[in-house]
Amino acid sequence: MVERRGLSAVLHDRVIPVGTILLVIIALWYVFAIILNAPFERDQAARANTTISTGQLIANTMAQERPVLPAPHQVAAEIRKTVFDIAPTSKRSLVYHGGVTLSSTLLGFAFGTLLGIILAIAIVHSRTLDKSLMPWIITSQTVPILAIAPMIIVVLNAVNITGLLPKAMISTYLSFFPVAVGMVKGLRSPEIMHLDLMRTYNASKAQIFWKLRWPASMPYLFTSMKIAVAISLVGAIVGELPTGAVAGIGARLLAGSYYGQTVQIWAALIAAALMAAILVSLIGVISTLVNRRMGVRS
Amino acid sequence: MTVVTLRPKAKTMADVAPRNVIDVKDLSLVFQTNDGPVNALSNIDLVVNSGEFVSFIGPSGCGKTTLLRVIADLEQPTSGNISVNGMTPSQAREKRAYGYVFQAAALYPWRTIGGNISLPLEVMGIPKEERKARIARNLELVNLAGFDKKFPWQLSGGMQQRASIARALSFDPDMLLMDEPFGALDEIVRDHLNEQLLKLWAKTQKTVIFVTHSIPEAVFLSTKIVVMSPRPGRIHEIIDCNLGSERTLDIRETPEFLEIAHRVREGLRHGHSYDEAHL
């Protein structure tokens, strides 16, 4: 096989396979948009006692104001309008709403990662905590977040904590879990021989942690952080739903569904998906940089 | 802060005279397993003097590695006495009396070769400048000068094991405990490393305890060969073996060498038949 390098490698390994799937998805999307939006057009035509040609029908299905499923180009146009044409300070700007969601996502993710790491350190160093904490950590994730999120918002509102923090707390609640579980595994990943070696040096627990357990856990940390950041975003959006639709991607989704603005909903959904993709790849980039420093063979 | 002296101390009369570095008396170790107790070590008596090169040889299950781990305070004996440098093994470990070399190089993959040799020095709180000097000196000692910036995976298995020996020597312990360090390497590399190890031993004057299952390796390297046998793990015979200080690989063809190798082989076989007679 020919070894490819640089731009050509990126093109062959990433752009072509991912791009192909994207094209297939968009094509399928158009097909479904036509199928799902067609009944409305036929209905309209029947009411007006006119017949409609197939060509006209297809054209109409892609230009409805409130389609069941908006066509990709309608969503793209909506995103372009709300991102580039409207000032980012306006409440109609997707950048504004995205920024609100992003800030609580990042705050919740930072707290969640920190909490997860602290819990993992405690669990790895204490048998008692391992036995007592771990079952509760797992149980915490069996509570449906959709049920508990409004409670958190309402309770915190009652004690005058509003805005960013309650939403960030829901993100934290979701994102600490993968980090805690991943890091428990990561901090326990050193081989017996590597641990024995530290014992022969009479190393302290702190030295064993910083010189062995912590560096050995890095691959686990980044893998779990990728999951954590994605569900932090979900948590922030869920947290925005019961806030009375003030601001954020979640508010945008809720408002869209109140007024039947399907194009707006889909634009917000795509924006959220893009944000998640960017956040996950950012962590991937950091992970690659750390790996390079730690001499992982590429 | 622990400050480890740089050079071996100047030899005084007391140092030159044979001194019991390791003294084991009637030591036993029983592992409790799901299949019942296993007598890993049974009534071990052993004395190792300062500057000796002692090999433990025997089939798997004879407890040679376990005995080494007891000396290193990595396993606790069930009964009997053991002193290391006149202390308990745990005190000796706390005083960093020995450097341990494992079957695998056990280098930390995220550290460079230099970083790996620096590891025990960092743990022991040795200042940076001093660490640098020691890394350079010990890499040179094992013929790896210039490799300090490489990561372990960039080195061959033999080079990795040499780096791990440099790591064990870096804090200048009195003793080197080696657990089948060359077992995973091919014969040619092993021969070469044996020769290097012998030179190293002559140069550093350290007490070496060396676990192996290779008869030629044991005879070539040792001043004393401890032949062990399994079930229960015990010392079958201790064979003195001093082929002089100027040994090269050619010595393995000499009658003296073959004579000792024959005795070791007989000892191993005897240990085994004794075992079978009991089954």
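The following dialogue asks how terms are applied to a predicted model.

Modeller: This is a predicted model, in which local features need pLDDT of at least 70, side-chain atom pairs count only at pLDDT 80 or more, and totals for chains, interfaces and linings use all residues. Residues are numbered from 1 along each chain as its sequence is written, while chains are lettered from A and ligands numbered from 1 in the order in which they are written.

Biologist: Why is H4(B) called oblique to H5(B)?

Modeller: Helix H4 (residues 113-123) and helix H5 (residues 128-141) of chain B pack at an angle of about 120°, with their axes 9 Å apart. Angles under 35 degrees count as roughly parallel, over 145 as roughly antiparallel, 65 to 115 as roughly perpendicular and the rest as oblique. The angle of about 120° therefore makes H4(B) oblique to H5(B). Axes are lines fitted to C-alpha atoms, for helices over the stretch in contact, and angles run from 0 to 180 degrees between N-to-C directions. Helices are DSSP runs of H or I of at least four residues, strands are runs of E of at least two, and both are numbered from the N terminus.

Biologist: Which residues make the contact of H4(B) with H5(B)?

Modeller: H4(B) supplies B:Gly114, B:Ile117, B:Ser118 and B:Leu121, and H5(B) supplies B:Arg131, B:Arg134, B:Ile135, B:Asn138 and B:Leu139. Two residues are in contact if their C-beta atoms, placed from the backbone, lie within 7 Å.

Biologist: What makes S2 and S4 of chain B edge strands?

Modeller: The open sheet has three strands in the order S2-S1-S4 (chain B), with antiparallel pairing. Strand S2 (36-49) and strand S4 (79-84) each have a single partner strand, so one side of each is left without a neighbour in the sheet. From one strand to the next, the twist averages 20°.

Biologist: How do you know that S1(B) and S4(B) pair?

Modeller: Two strands pair if DSSP finds at least two bridges between them. Strand S1 (residues 20-33) of chain B and S4(B) have five bridges, in the antiparallel sense. In S4(B), B:Ser83 is the bridge partner of B:Asp23.

Biologist: What lies across S1, S2 and S4 of chain B?

Modeller: Helix H2 (residues 64-71) of chain B does, running at about 65° to S2(B).

Biologist: Which helix gives the most to the side of chain A that touches chain B?

Modeller: In total, 15 residues of chain A are in contact with 20 residues of chain B. H8(A) gives the most to that side of chain A, with six residues.
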